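Hello,

Here is the structure I promised to pass on to you. Have a look at it first, and then read my notes below.

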Amino acid sequence: MPHQQRTPETESWQPDDLEAIREKYRVERDKRLRPDGTAQYLKAAGDLAEFAEDHWSDEPVAREPVTDEVDVVVLGTGFGGLTSAAHLRKAGLERIRLVDTAGGVGGTWYWNRYPGVACDIESYIYLPMLEEIGGVPSRKYAPGSEIRRHAERMAEHFDLLRDALLHTEVTSLHWDEEISRWRVGTDRGDAFTARYAVISSGPFNKPKLPGIPGIEDFAGHSFHTSRWDYAYTGGSETVREYPGLADKRVAVIGTGATGVQVVPTIAPSCGELLVVQRTPSAVDRRDDRETDPQWWAELEPGWQRERQENFLAVVSGAPAEEDLVGDRWTDSASARGRLRLMSGTGEDPALAMEIADHQKMAELRTRVAEIVADPATAAALQPWYRQMCKRPCFSDVYLQAFNRDNVRLVDTEGRGVDRMTETALVVDDVEYPVDVVILATGFEAEADPVVRAGADIRGRDGLPLAEYWADGLRTLHGWVSRGFPNLFQLGSTQNAISFNFAHILEEQSENMAAVVAEAERRGALVEPTAEAENGWVDTVRERAMNLHAFQSECTPGYYNLEGQPMKRTEHFGGGAMEFTQLVRSWRAAGGMDDALSERPGR
């Protein structure tokens, strides 16, 4: 029998009821709208540069500038960079140079070492190449230290640190037509060349700070969660006791995915814990558990890819014999809505999705009321927006933390903190004296890979990539652009997105490696024809989902650029399953001819 998800317990929603809910959502959104949008945040630079310091490695050692030649330079050592480098190694490239400002590999998982940090996608499908590299996650949702160790194992397995330059930032990437190489410059004076270049600078590495007036004046201790100060708090990722907080008044600012993990982990150690909230997260069950050794031993070859693709199918509402992962992502509002459409109700698609969404969110609000003892606190913790307006969260301990005597919610009614003094936070003219301020305010989530890379990228005839993309991205399948030979971008632009984005990165890396292997065989450059690029841009624009109206109704957050969503999305509207099959079929049908050009001099 095809997999069927459970019937939602809340069936009271009727079309006539929706307008009242919509109005409630609008009221809550309007409380949080600000004219400055993303400009409300500060960069961790200048007087605030200490918030971005690397605590996790020794100071960079002095070295001579590197002036050699490599086969490929990879900007970024997160899972995108590691996976692409691994597959390029398997394709036969010898000298692969990873470059990253961090002192080690892992990307987000290098930086995020805060108490309670863990994966919220099942680790068996999230960890790239797990079946090939080996290792057994201890839990369904692996802790951050295990995820970082997996990244390190990837680097070791494929010998990716041999030519790496860490504590280094690429500042320029210029194509040299005469030698068919990328000339690479860095902030440490390096000037080397590479035949191929990969941009895999993920969006979650540069901390963003709230633009609270007086933030520089606070005289107590403060730090960002991605640079957790264990020297002050005590404890570690694995030792979950923090004696440095025992007699302290601690404030955590931010209640997104990070805050949901941090708060219940440090709460038992704090003298007093204030959780400062602008917008509550929608927190579903997590249902974490240890990995069953017997189940693991019985897995058959190919299990990881089968499980990854099953997850894609279920969250997309596609027919599936069973739900192999069985988590709350596969019971999201969007998954329910697709199932509702497939059931043949005959409803307008938008209405069907909205009803399913309201049912799901009603259940999550009911969950808050059932768990949190104080009615006022429970009411403030209830999310009033559609589920995909903000990143869904999952925890079996976060809401419960508010039943502790030493934990207090400071709900700012959507405004955020008014200002900071030397000793306190001020919210609605009320001072809250604190000793420690912990900023769980996330990262600079820049969507444009050119901006994220932080480098001056110039292709043929010195054309800046930013200029080529000035009127919108122009790529084939989201990873190569005409005029920029042998330059690959990893990410979600002009391709597919998925809750399990590590799986999408692996698919992209496999595709890249296959095309590079063919380019090596032919002695060609990887560069799309004008027809192929134009055709794909047209396809993306025609198939793109129009999310502007939906995101405009959403409460502000990084999904909708703080209430100022882009007019046009740059994602393939057919979804991750269709995109993956499309690219595989493109390769199998000889589509690589569209992406290969004659190398000069041949």
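This is a predicted model: local features need pLDDT of at least 70, side-chain atom pairs count only at pLDDT 80 or more; totals for chains, interfaces and linings use all residues.

**What I found**

Helix α17 is followed by Gly523, which has a positive phi near 70°. Residues are numbered from 1 along each chain as its sequence is written, and side-chain values use heavy atoms, with hydrogens and water left out.

Back to α17: this helix covers residues 501-522, 22 residues in all, and spans 32 Å from its first C-alpha to its last. That is close to the expected 32 Å, which is 1.5 Å times one less than the number of residues.

Next, the interior. A nonpolar core is a set of buried Ala, Val, Leu, Ile, Met, Phe, Trp, Tyr and Cys residues joined through side-chain atoms within 4.5 Å. Buried means under 20% relative accessible area, exposed over 50%, and partly exposed in between (1.4 Å probe, protein chains only). The largest such core has 102 residues, and Ile266 and Leu273 touch the most other members. Helix α17 gives the most to this core, with eight residues. A second, separate core has 23 residues, among them Leu173, Ile199, Phe484 and Leu487. Leaving aside neighbours within four places in sequence, Ile266 is in contact (heavy atoms within 4.5 Å) with Pro115, Trp228, Tyr242, Leu245, Val250, Val252, Leu273 and Ile438.

Now the strands. Two strands pair if DSSP finds at least two bridges between them. Strand β10 (residues 272-277) runs parallel to β9 (residues 249-253), with five bridges joining them. Along this pairing, Ala251 stands opposite Leu274, and Ile253 has Val276 as its bridge partner. β10 is also parallel to β13 (residues 407-411), again through five bridges, and there Gln277 is partnered by Asp411.

β9, helix α8 (residues 257-266) and β10 form a right-handed β-α-β unit; right-handed means that, with the strands pointing away from the viewer, the path from the first strand over the helix to the second runs clockwise.

Finally, some loop residues. Asn406 sits in the loop between α14 (398-401) and β13, and counts as buried at 14% relative accessibility. A polar atom of the Asn406 side chain lies 2.9 Å from the backbone oxygen of Ala267. This side chain also makes a polar contact with the side chain of Arg404 at 3.0 Å. (A polar contact is a pair of N or O atoms within 3.5 Å; within protein, one must be able to donate a hydrogen and the other to accept it, and residues adjacent in sequence count only if both atoms are side-chain atoms.)

Most residues other than glycine have a negative phi. Asp461, in the loop between β18 (456-458) and α16 (465-468), has a positive phi near 60° and is exposed, with a relative accessible area of 84%.

Best wishes

Terms used:
Helices (H or I, at least four residues) and strands (E, at least two) are DSSP runs, numbered from the N terminus.
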